Amino acid sequence: MHMPKRLIFGAMLFIVPLAAWALVKPLRVLAPQLEGLMCDEWVCVDDTSRRAEATRLYRDALNSVQASVGALHSVPRAVFCATPACSDKFGFTAALAYDVGTFAVVISHRGWRPYLIRHELIHHLQNERLGWLRVRLFKPEWWREGMAYSLSRDPRRPLPEPLEGYRSQFEAWFKQVGAARLWAEAEHL
């Protein structure tokens, strides 16, 4: 009787991670090398001829966010997809970029723009300062997304609704609280 339970348990230990890898594509940031990407300290790329460009974009975005929004406690890994095939591997459909908690930011082949990378780093900073679950479940979307669109200096105006409304609402709130009280006031939202 104990053998079938052990066999089932052993099979589950093998199958669950494989299923998660196949079905939850953002998990692939844990080991992008398994998807054919080449990684250095922080930046992973699928096209090594674009490594210098990706590294420069990322470094500039990090410096900008830390100077204007707040210091990051940890620098997240950045996965830059240069091809549609890579973007597919990381689950992109309509999005241009996304963050994975406080672990990584992922940039699609269509998302290599400074403001998009800053946008995702701002989400990373929100997650660090307030906690990923708390930000996703308990902070207003106008604050979360409005902050990222506004402070990333996204040049697209107007954004599609409701995003432009979120940015406007955040900017009105931010004007009242000021940069010095940004995080303290965010605690009370």
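Ala 78 sits in strand E3. Strands (E, at least two residues) and helices (H or I, at least four) are DSSP runs, numbered from the N terminus. The structure is a predicted model, in which local features need pLDDT of at least 70 and side-chain atom pairs count only at pLDDT 80 or more, while totals for chains, interfaces and linings use all residues. Residues are numbered from 1 along each chain as its sequence is written, and side-chain values use heavy atoms, with hydrogens and water left out.

Ala 78 counts as buried because its relative accessibility is 0%. Buried means under 20% relative accessible area, exposed means over 50%, and partly exposed lies in between (1.4 Å probe, protein chains only). Leaving aside residues up to four places away in sequence, Ala 78 touches Trp 42, Val 43, Cys 44, Tyr 58 and Val 105. Contact here means heavy atoms within 4.5 Å. The C-alpha atom of Ala 78 is 8.6 Å from that of Val 29, and 49 residues separate the two along the chain.

The chain as a whole contains eight helices and five strands. From the N terminus on, their order is α-β-β-α-β-α-β-β-α-α-α-α-α. Of the 189 residues, 42% are buried. Among contacts with a separation of 6 or more, 59% join residues 24 or more positions apart. The chain exposes about 10,200 Å², and carbon and sulfur atoms supply 63% of that area. Accessible areas come from the Shrake-Rupley method with a 1.4 Å probe.

In soluble globular proteins, nonpolar side chains tend to be buried together. The largest nonpolar core in this model has 35 residues. Such a core is a set of buried Ala, Val, Leu, Ile, Met, Phe, Trp, Tyr and Cys residues joined through side-chain atoms within 4.5 Å. Tyr 58, Val 69, Phe 80, Leu 121, Trp 143, Met 147 and Leu 182 have the most contacts inside the largest core. Two or more residues each come from strands E2 (43-45), E3 (77-80) and E5 (104-107), and from helices H2 (51-68), H4 (114-130), H6, H7 and H8 (182-187). H2 gives the largest share, six residues. Beyond four places in sequence, the contacts of Phe 80 include Val 43, Val 45, Leu 57, Tyr 58, Ile 107 and Ile 117. A second, separate core has 11 residues, among them Leu 37, Phe 90, Phe 92 and Tyr 98.

Helices H6 (residues 141-151) and H7 (residues 163-177) pack with axes that come within 7 Å and cross at roughly 85 degrees. H6 is therefore roughly perpendicular to H7. Axes are lines fitted to C-alpha atoms, for helices over the stretch in contact, and angles run from 0 to 180 degrees between N-to-C directions. Roughly perpendicular covers 65 to 115 degrees. Residues that meet across the pair include Trp 142, Trp 143 and Met 147 in H6 and Tyr 166, Phe 170 and Trp 173 in H7. By class, this contact has 10 nonpolar, three polar and four charged residues.

The loop between H6 and H7 holds Pro 158, Pro 162 and Arg 153. Most residues other than glycine have a negative phi, and most peptide bonds are trans. A cis peptide bond joins Arg 157 to Pro 158, with omega about -10 degrees. The bond from Glu 161 to Pro 162 is also cis, with omega near 10 degrees. Arg 153 has a positive phi, near 60 degrees. Arg 153 counts as partly exposed because its relative accessibility is 47%.

Key. Angles under 35 degrees count as roughly parallel, over 145 as roughly antiparallel, 65 to 115 as roughly perpendicular and the rest as oblique. Ala, Val, Leu, Ile, Met, Phe, Trp, Tyr, Cys and Pro count as nonpolar, Asp, Glu, Lys and Arg as charged, and the others, Gly among them, as polar.
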